[in-house]
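Please have a look at the picture first, and then take the points in order.

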Amino acid sequence: MNNINWDALRQAARDAMQHAYVPYSKFRVGAAGLTTDGRIVTGCNVENASYGVTLCAECGMISELVRHGGGRLVAVCTLGNDEAVTPCGRCRQLLWEHGGPELLVELEGKPVPMTELLPHAFPEASNFTNPNG
Ligand code: THU
């Protein structure tokens, strides 16, 4: 899909960001993803007193994707306090699972494929050989 409306994705990320629960960092993050069938799914970060269990905005977005019937992501935009955010390592693996190597992620205004964000990625389950079937 080459007709990606990045403006709409940025706006959706901005809207999601308003719902962030960030009493600890005060860093509001919103993520928005476009699916192959034209849906936009979003998420915001949800922090926790046990800092390490904080949910990134991308986690929420993936959860919404799955809850709304799944599908594949073609483009993702993440904004933090209204500026471009680079997804953390854990979220890159989540994005890979649901968008694969061709998924485009906007980094500082430039779409970057997942192969650049996560080279030598651990493959999604359907692509690895499991001796246990
Ligand atoms: N955060 C995200 O939501 N997504 C990322 O890709 C990077 C970090 C959040 C987690 C935490 O609530 C805040 O940003 C500061 O690290």
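1. Let us start with the ligand. It has 13 residues around it, and the nearest of these are Asn45, Glu47, Ala57, Glu58 and Cys88; a residue counts as near a molecule or strand if one of its heavy atoms lies within 4 Å of it. Before going further, please keep in mind that this is a predicted model, in which local features need pLDDT of at least 70 and side-chain atom pairs count only at pLDDT 80 or more, while totals for chains, interfaces and linings use all residues. Residues are numbered from 1 along each chain as its sequence is written, and side-chain values use heavy atoms, with hydrogens and water left out.

2. Ala57 has a polar backbone atom 2.8 Å from an oxygen atom of the ligand, and for a polar backbone atom of Cys88 the distance to a ligand oxygen is 3.2 Å. On its own the ligand has 370 Å² of accessible area, and the protein covers 77% of that (areas come from the Shrake-Rupley method with a 1.4 Å probe; for residues, only the protein chains shown count as cover).

3. Next, follow strand β1, residues 29–35, which pairs with β2, residues 40–44, in the antiparallel sense over five bridges. Helices (H or I, at least four residues) and strands (E, at least two) are DSSP runs, numbered from the N terminus, and two strands pair if DSSP finds at least two bridges between them. Gly33 has Val41 as its bridge partner in β2, and Gly30 has Cys44. Four residues lie between the strands of this hairpin, where Gly38 takes a positive phi near 85 degrees.

4. β1 also pairs with β3, again in the antiparallel sense, over seven bridges. Here Ala32 stands opposite Cys77 of β3.

5. Is β1 covered or open? It is mostly covered, with seven of its seven residues buried; buried means under 20% relative accessible area, exposed over 50%, and partly exposed in between (1.4 Å probe, protein chains only). In a regular strand the side chains alternate between the two faces of the sheet. Val29, Ala31, Gly33 and Thr35 point one way from β1, while Gly30, Ala32 and Leu34 point the other way.

6. Gly80 belongs to strand β3, residues 73–80, and counts as buried because its relative accessibility is 4%. Although Gly80 and Met17 are 63 residues apart in sequence, their C-alpha atoms are 7.5 Å apart in space.

7. Finally, look at the charged pairs. The count comes to four salt bridges, each being a side-chain nitrogen of Lys or Arg within 4 Å of a carboxyl oxygen of Asp or Glu. One of them joins Asp7 and Arg10 at 2.7 Å, N to O; both residues lie in helix α1, residues 6–17, three residues apart, about one turn of the helix. Asp7 is exposed because its relative accessible area is 54%, whereas Arg10, at 22%, is partly exposed. Asp82 and Arg14 form another, with the closest N and O atoms 3.0 Å apart. That pair links distant parts of the chain, since Asp82 is in the loop between β3 and β4 (83–84) and Arg14 is in helix α1, 68 residues apart.

Key. A polar contact is a pair of N or O atoms within 3.5 Å; within protein, one must be able to donate a hydrogen and the other to accept it, and residues adjacent in sequence count only if both atoms are side-chain atoms.
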